[in-house]
Amino acid sequence: MTDHLSETEVSLFRDRTIGPTERERIDAHVAECESCLRRILPSEDSALVYSELTEALLPDSTDEPFHLSNADVRRYANGLVDQADRVIFESHLDICEQCSEAVQLLTASSPVESVSSLARQAEVSVQPSWRAAFQFTPARAAAGLLIAACLVLAFVVWQRWHSGSVDDQTVQKNATQTPSSTSASASPTPAQAEAPKGPTSDQLAVALSLEDNGRKVQLDKSGKLIGLEELPEASSSFVRSVLTTKNLSKPEVLDQLTAPSITLLDPTAGENKFSLLGPSGTVIATDQPNLRWQALAGAESYTVSVFDADFNRVTRSAPQTGTQWTSTKLQRGMIYSWEVVAVRNGQEVRSPVAPAPRAQFKVLEAEKLLELTSLKKHSPISHLTLGLTYARFGLLAEAEGQLQILARENPNSPVATKLLRTVQEWRNR
């Protein structure tokens, strides 16, 4: 059975923060695995990606109009372009009346007449621009002589100034080389001798410094955050607080998603169980979660059920032969639990069962999703800010992925290491 992508791999792939080798491996996997492809391209990101792509392709109002050159028009009209250029030219001709009329004019006439006519048009259009610019006139000759005279005068003045400056420096040097000054320079004061050994004023002012995706993020002694000025005030204030205290507080929602273990009177009730892989004990960004579980040996089918906080079933899958299922849309900001019932030899095997707790997750609120989307639009992306924001919202897999990158960029930073370990402890509790 093919192993599916982990949440960390999905998060790093979405943020384009993995190496070429890992990206090729994941590309090959999602080409054959539709379930992992849906996880990489969740529904709420599709509209955003389409919008950004559309905006990137729309012409800017300040862009200069683009037309085919005369040579390109002749090549296309005479059938001398390859397949790739033909596709490009025809796409342009569909939207450009000027170039389309030029091609039609050349196509209607003979090849010899087309070339000569186009050459005459080119000569008429070019002649006023460059020939007129270099045409000799008495006024332009006088202006040229005046410019040459000014250049010569400026050179003479510079030579005299440079010579006088060198003489002044020589006189000052000779004046300072007296016995008293030489003796003083030979025996520097204690303050002069020790000055180079201490840290600079800039070094003394910086309390913390981190490399963050090509930028340097610093916290000075006064508590000022440097390097993330483009971020919203709420985001930069949160980052400043975490770096000042060097501590990341656990969000309360994670405690709500960790249900206590259940004890049953029947000790055999937990036998033959299989585990749920996730999501569990975390917040998720998508409102159509991909629910994954381990395979049960000999199982004929699996049925997934999702419940709200009052244990009311809100959705249920048809019998599945695979080990994952994408839920229908759920309500944002709500906590859900889920279970899988496997059928083996005509009997039902349920997971989770006691003493394992319920598998719970929360769908991220719409306003928090909008804040994350806004942070991702900044270029370059701040792995520090994005990782801390993911952690604050309870999206543990995404937070771990961003903080892993930050720790690799700062291998000797105890702060980056501590932040990563904190999130990993939350996931492994």
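The model described here is predicted.

**Helix α16 and its end**

- The helix α16 spans residues 383-393, and ten of its eleven residues are buried, so α16 is largely enclosed by the rest of the structure.
- The buried residues of α16 comprise His-383, Leu-384, Thr-385, Leu-386, Gly-387, Leu-388, Thr-389, Tyr-390, Ala-391 and Phe-393.
- Leu-386, one of these buried residues of α16, is also among the residues that line the largest cavity.

**The cavity**

- Across the whole structure, a search finds one cavity of 30 Å³ or more.
- The largest cavity holds about 40 Å³ of space.
- Its lining is made up of Arg-215, Glu-230, Leu-231, Leu-375, His-378, Pro-380, Ser-382 and Leu-386.
- Sorted by class, the lining of the largest cavity has four nonpolar residues, two polar residues and two charged residues.
- Pro-380, one of the lining residues of the largest cavity, is placed in the loop between α15 (366-376) and α16 (383-393).

**The largest pocket**

- The largest pocket contains about 1,000 Å³ of space.
- It is lined by 47 residues, of which Leu-277, Gly-278, Pro-279, Ser-280 and Thr-282 are the closest to its centre.
- By class, the lining of the largest pocket divides into 22 nonpolar, 15 polar and ten charged residues.
- At least two lining residues come from each of the helices α1 (7-14), α3 (34-40), α4 (43-57), α17 (396-409) and α18 (414-427), and likewise from each of the strands β4 (276-278), β5 (282-284) and β6 (290-293).
- The element that gives the most to the lining of the largest pocket is α1, with four residues.

**Aromatic residues**

- The structure holds three aromatic pairs.
- One of these pairs is formed by Trp-293 and Tyr-302, which are tilted, with 5.7 Å centre to centre and 55° between the planes.
- Trp-293 and Tyr-302 are both buried.
- Together with Phe-274, the residues Trp-293 and Tyr-302 form one aromatic cluster.
- Elsewhere, Arg-392 lies over the face of Phe-238, at 4.7 Å from the ring centre.

**Cysteines**

- The structure holds zero disulfides.
- Cys-36 is in no disulfide, and the nearest cysteine sulfur, that of Cys-33, is 3.5 Å away.
- Cys-36 counts as buried because its relative accessibility is 0%.
- For Cys-96, the closest cysteine sulfur is that of Cys-99, and the separation of 3.6 Å is too far for a bond.
- Cys-96 likewise counts as buried, because its relative accessibility is 8%.

**Cis peptide bonds and positive phi**

- Most residues other than glycine have a negative phi, and most peptide bonds are trans.
- Ser-351 and Pro-352 are joined by a cis peptide bond, with omega about 5°.
- Pro-352 lies in the loop between β11 (347-351) and β12 (359-363).
- A cis peptide bond also runs from Ser-379 to Pro-380, with omega near 0°.
- Phe-311 is not a glycine, yet has a positive phi of about 65°.
- The position of Phe-311 is in the loop between β7 (301-307) and β8 (313-316).
- Asn-345, which is not a glycine, has a positive phi of about 55°.
- Asn-345 is found in the loop between β10 and β11, and it is exposed, with a relative accessible area of 67%.

**An exposed loop residue**

- Gln-331 lies in the loop between β9 (324-326) and β10 (335-344).
- Gln-331 counts as exposed because its relative accessibility is 52%, which is over the 50% cut-off.
- Gln-331 and Gln-288 are 43 residues apart in sequence, and their C-alpha atoms are 9.4 Å apart in space.

Terms used. Residues numbered from 1 in each chain as written. Predicted model: local features only at pLDDT ≥ 70, side-chain atom pairs only at ≥ 80, totals over all residues. Heavy atoms only, no water. Phe/Tyr/Trp six-rings, centres within 6.5 Å; stacked < 30°, edge-to-face > 60°. Buried < 20%, exposed > 50% of the residue type's maximum accessible area, 1.4 Å probe, protein only. Lys NZ or Arg CZ within 6 Å of the ring centre and 35° of its normal. 1 Å grid on protein atoms, 1.4 Å probe; cavity = no way out; pocket = protein on both sides within 12 Å on 5 of 7 lines; lining within 4 Å. Points joined across faces, edges and corners; volume = space filled by probe spheres on them. Nonpolar A, V, L, I, M, F, W, Y, C, P; charged D, E, K, R; others polar. Disulfide = S-S within 2.5 Å.
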